[in-house]
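Please consult the sequence and structure shown here.

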Amino acid sequence: MGVRVNPRFRSVKGTRDLLPPESERWNEAERIARETFRSRGYGEIRTPVLEDTALFARSVGETTDIVHKEMYTFSDRKGRSLTMRPENTAGVVRSVIENGLAAGPMPLRLYYLGAQFRYERPQAGRYREFSQIGVELFGVSGPAAEAEVLEMLFDFLHALGFRSLSVSLNSVGTAATRASFGEALRTYVLPRAGSFGEDDRRKLAENPLRLFDSKDPGVRAALEGAPRTMDFLDEASQRHHEEVRRMLADAGIPFQDEPSLVRGLDYYTRTVFEVVSEDLGAQDAILGGGRYDGLVESLGGPSLAAIGFAIGEDRLLQVAPLAIPRRACVVVLPQRSDDLPEAARIAREIRAAFPGGCVEVDLSARGIKKGLARASVLFQEADARGLDREGVLAVLIGERERADGAVTVKRLATGEQETFPRSELARRLGAARER
Ligand code: HAM
């Protein structure tokens with residue numbers, strides 16, 4: 001749609017600009033997220049983009065793809081190793097400990113929205129700078145926590161218009177489960193690892209669970225029929241998982257068991273989950289999350305249960321059937337620049353009478369005809385701009401109007417127009433908008 005240009009500067013690979021009207025959809029999704037979370041007692045936390053590199057190595061895990069090869073890490077001028085956050089759970093946990101919240105009243109309910117950075121190969125729905133909408137709930141070790149966050153998540157997804165999504169669910173048990181499962185997995189995969197590349201051989205040696213993150217078809221084939229985390233669960237984790245499933249069924253949350261789901265971050269304990277949309281080409285997840293009962297303690301805080309999820313906002317908006325609420329739009333068209341003060345007064349009056357709509361003044365004031373051309377662009381792009389087609393009106397201040405103390409209101413959808421005394425503007429516009 002845009003004009004062809006040959007810019008000197010381009011956005012950095014894997015990043016992009018979000019322009020209107022697409023940004024309107026993002027704002028609407030974020031508004032719904034905030035409303036949904038706040039109405040359940042979640043407060044917004046904003047943590048810095050920059051964190052100590054060791055924080056991510058310690059939490060997400062040295063051997064994960066994220067820490068091993070995807071972080072934007074650099075030394076600052078004093079030689080400190082800093083990283084632009086690849087995810088927000090680690091920063092939230094750091095903040096919760098540092099600000100004394102981990103020792104405060106529980107449960108602690110937090111949500112966040114913001115940019116994350118991963119040096120990945122860019123493709124549809126995968127960027128190097130992307131946004132997440134996330135939630136973290138601290139201090140609840142029982143399955144009611146899973147039920148609360150997943151029910152809230154689905155309320156949010158429903159509010160965006162999704163109807164047929166379901167959660168893929170698994171349990172990775174405790175640290176001991178992961179260790180014995182990892183060993184069994186290594187034993188199973190080793191004889192089938194002949195064709196593995198260097199990176200997957202490293203994973204096999206260091207942390208076999210990470211093989212599940214591999215996109216290599218050879219690795220995927222080698223994992224077929226592999227042991228499952230479920231077979232290594234201790235009794236308490238098994239019971240927990242059964243209760244989670246029962247509570248989700250009770251809350252009407254659609255889920256299916258996904259025995260090979262382990263998630264690409266090392267901090268998870270027991271419950272892990274993802275939501276995948278078939279409308280996303282590469283079958284990538286819209287969101288992922290899980291329980292991480294050991295993380296707060298391992299980062300120097302008290303022993304504290306926790307669970308959360310993060311939604312990839314870019315992917316979410318790529319597939320969300322979210323329609324933004326339509327707004328009426330009035331364009332005030334002064335014929336010449338002398339009429340600009342009057343046009344501004346009229347715009348002010350309309351805004352006061354109809355808050356929430358959109359009122360624009362044609363500041364070029366180069367004649368009614370040119371002004372109407374601008375109004376008709378708004379009308380033609382009404383859908384994309386979230387405007388109510390029927391509600392696109394032009395208020396004309398031409399020669400005749402000026403002489404008579406009148407205004408003319410034209411409805412772009414039909415071309416109908418009516419001239420009436422200036423003093424009746426608000427009332428007449430109100431009537432016009434009712435139609
Ligand atoms: P994650 O699975 O790494 O989990 O990321 C969550 C979501 O972020 C993904 O499902 C995906 O939609 C989106 N995402 C990840 N990488 C990209 C990318 N390069 N481009 C676009 N979207 C992307 C976490 O980050 C955990 N912190 C989630 C969590 C919160 N677990 C517990 N609490």
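Helix 6 gives the largest share of the lining of the second largest pocket, namely six residues. The model is predicted; local features require pLDDT of at least 70 and side-chain atom pairs pLDDT 80 or more, while totals for chains, interfaces and linings use all residues. Residues are numbered from 1 along each chain as its sequence is written, and side-chain values use heavy atoms, without hydrogens and water.

The second largest pocket has a volume of about 460 Å³. Among the 27 residues that line this pocket, Ala 175, Arg 178, Asp 266, Tyr 267 and Tyr 268 are the closest to its centre. At least two lining residues each come from helix 2 (53–61), helix 6 (175–189) and helix 10 (295–298). By class, the lining has eight nonpolar, ten polar and nine charged residues.

The ligand is surrounded by 27 residues (a heavy atom within 4 Å), the closest being Glu 87, Glu 120, Tyr 127, Glu 136 and Tyr 268. Strand 10 (285–291) is one of the strands that supply at least two residues of this shell, and its share, six residues, is the largest. The shell comprises twelve nonpolar, eight polar and seven charged residues.

| Protein atom | Ligand atom | Distance |
|---|---|---|
| Tyr 267, polar side-chain atom | nitrogen | 3.0 Å |
| Gly 308, backbone N or O atom | nitrogen | 3.5 Å |
| Gly 312, polar backbone atom | oxygen | 3.4 Å |

Of the 660 Å² of accessible area that the ligand has on its own, the protein covers 96% (Shrake-Rupley method, 1.4 Å probe).

Methods: On a 1 Å grid over the protein atoms alone, a cavity is a set of points where a 1.4 Å probe fits but cannot get out, and a pocket is an open set with protein on both sides within 12 Å along at least five of seven lines; lining residues have an atom within 4 Å of a point. Grid points are joined across faces, edges and corners, and a volume is the space filled by probe spheres set on the points. Helices (H or I, at least four residues) and strands (E, at least two) are DSSP runs, numbered from the N terminus. Ala, Val, Leu, Ile, Met, Phe, Trp, Tyr, Cys and Pro count as nonpolar, Asp, Glu, Lys and Arg as charged, and the others, Gly among them, as polar. A polar contact is a pair of N or O atoms within 3.5 Å; within protein, one must be able to donate a hydrogen and the other to accept it, and residues adjacent in sequence count only if both atoms are side-chain atoms.
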